[in-house]
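Here are my notes on this model, as promised. Have it open next to you while you read.

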Amino acid sequence: MQISLAKLNLIKRYAAEAYPEECCGILVGTVSRFLNGEKENVVIEVVPCENVLQGDRTEGFEISVGQYFQTEELARRHHYQLVGSYHSHTKAPAIPSATDCDFLPPETSMLIVSVSERFVKEVRVYSRMLRSRLYDDVYEERLQFRY
Ligand SMILES: [Zn+2]
C-alpha cells in the first residue's frame with residue numbers, strides 16, 4: 001500500500017488524540033490490479049470516522065454503515081475507490097485481531113496503528129488474498145511512501 005508521509009502522520013495524530021479509545025477511518029484512493037495477480041493500493045485521502053462501537057471503545061471500533069456508504073459515494077464521485085480502512089490498537093501491538101480479520105474485505109488494505117500513552121509504537125498494514133475467508137490468508141503488506 002502506498003501513502004504519503006503527510007497522510008500517515010495525520011493518521012498517527014488521530015490515533016494519539018483518540019487515546020485511550022481506538023480511532024478509525026476509511027482510506028480512499030486507487031486500487032490497481034495487474035496481470036500477474038499483484039495489486040497496488042494507493043491512498044489519496046484519509047477520512048476519519050467516528051468510533052460508534054457500543055461498548056468498550058478502548059478495545060474495539062465500529063464505523064457506522066451510514067458514514068461508510070457516504071464515503072464510498074463521495075469517493076466514486078471523485079473517481080476514487082475505497083482502498084481500505086485504518087484503526088488504532090491502544091492496548092495491543094499492531095497485529096490484527098480475529099474480529100479485524102473477519103471484517104477485512106479481500107484485497108483491501110487495513111492499516112493498524114499501535115498507540116501507548118499517546119505515543120505511536122508501530123504502524124503495520126495487512127491485506128487478505130482474493131476469494132479467501134480464512135484468517136490464515138491475511139498477510140502483512142509492504143508500506144511504501146509516495147510524495
Ligand atoms: Zn484491531
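The points below go from the ground rules to the metal site, the strands, and then the side-chain contacts.

1. Ground rules. This is a predicted model, so to speak: local features need pLDDT of at least 70, side-chain atom pairs count only at pLDDT 80 or more, and totals for chains, interfaces and linings use all residues. Residues are numbered from 1 along each chain as its sequence is written, and side-chain values use heavy atoms, with hydrogens and water left out.

2. The zinc site. The zinc ion takes its protein donors from His87 (NE2), His89 (NE2) and Asp100, the latter listed with two OD entries, at 2.0 to 2.7 Å. Donors here are N, O and S atoms within 2.8 Å of the metal (3.2 Å for Na, K and Ca), and since water is not among the atoms, sites may look incomplete. Along the sequence the donor residues follow the spacing H-x1-H-x10-D.

3. Its geometry. The 4 donor atoms subtend angles of 53 to 159° around the zinc ion, so the arrangement comes out irregular. For reference, four donors are tetrahedral if all angles lie between 85 and 135 degrees; four are square planar and six octahedral if opposite donors are over 155 degrees apart and all others between 65 and 115; anything else is irregular.

4. Burial of the histidines. His87 has 0% relative accessibility and is buried; His89 is buried too, at 7%. The cut-offs are under 20% relative accessible area for buried, over 50% for exposed and partly exposed in between (1.4 Å probe, protein chains only).

5. Strand E5. Helices (H or I, at least four residues) and strands (E, at least two) are DSSP runs, numbered from the N terminus. In E5 (residues 109-116), 7 of the 8 residues are buried, so the strand is largely enclosed by the rest of the structure. E5 pairs with E4 in the parallel sense over 6 bridges, with Ser88 opposite Val113; pairing requires at least two DSSP bridges between the strands.

6. The hairpin. E5 and E6 (residues 119-128) run antiparallel and are joined by 7 bridges, and Ser116 stands opposite Phe119. There are 2 residues between these strands, and Glu117 takes a positive phi near 50° in this hairpin.

7. Around Lys91. Which residue makes a salt bridge with Lys91? Glu59 does, at 3.4 Å from N to O, a salt bridge being a side-chain nitrogen of Lys or Arg within 4 Å of a carboxyl oxygen of Asp or Glu. The pair connects distant parts of the chain, 32 residues apart: Glu59 sits in the loop between E3 and H2, Lys91 in the loop between E4 (81-89) and H3 (98-102). Both residues are exposed.

8. Thr58. This residue lies in the loop between E3 (39-49) and H2 (65-77) and is buried at 15% relative accessible area. Its side chain makes a 3.3 Å polar contact with that of Lys91 (N or O atoms within 3.5 Å; within protein, one must be able to donate a hydrogen and the other to accept it, and residues adjacent in sequence count only if both atoms are side-chain atoms).

9. Salt bridges link Glu73, Arg76 and Arg77 in a network. The closest N and O atoms are 3.6 Å apart for Glu73 and Arg76, and 3.8 Å for Glu73 and Arg77. Glu73 is partly exposed at 35%, while Arg76 is exposed at 52% and Arg77 is exposed at 57%.
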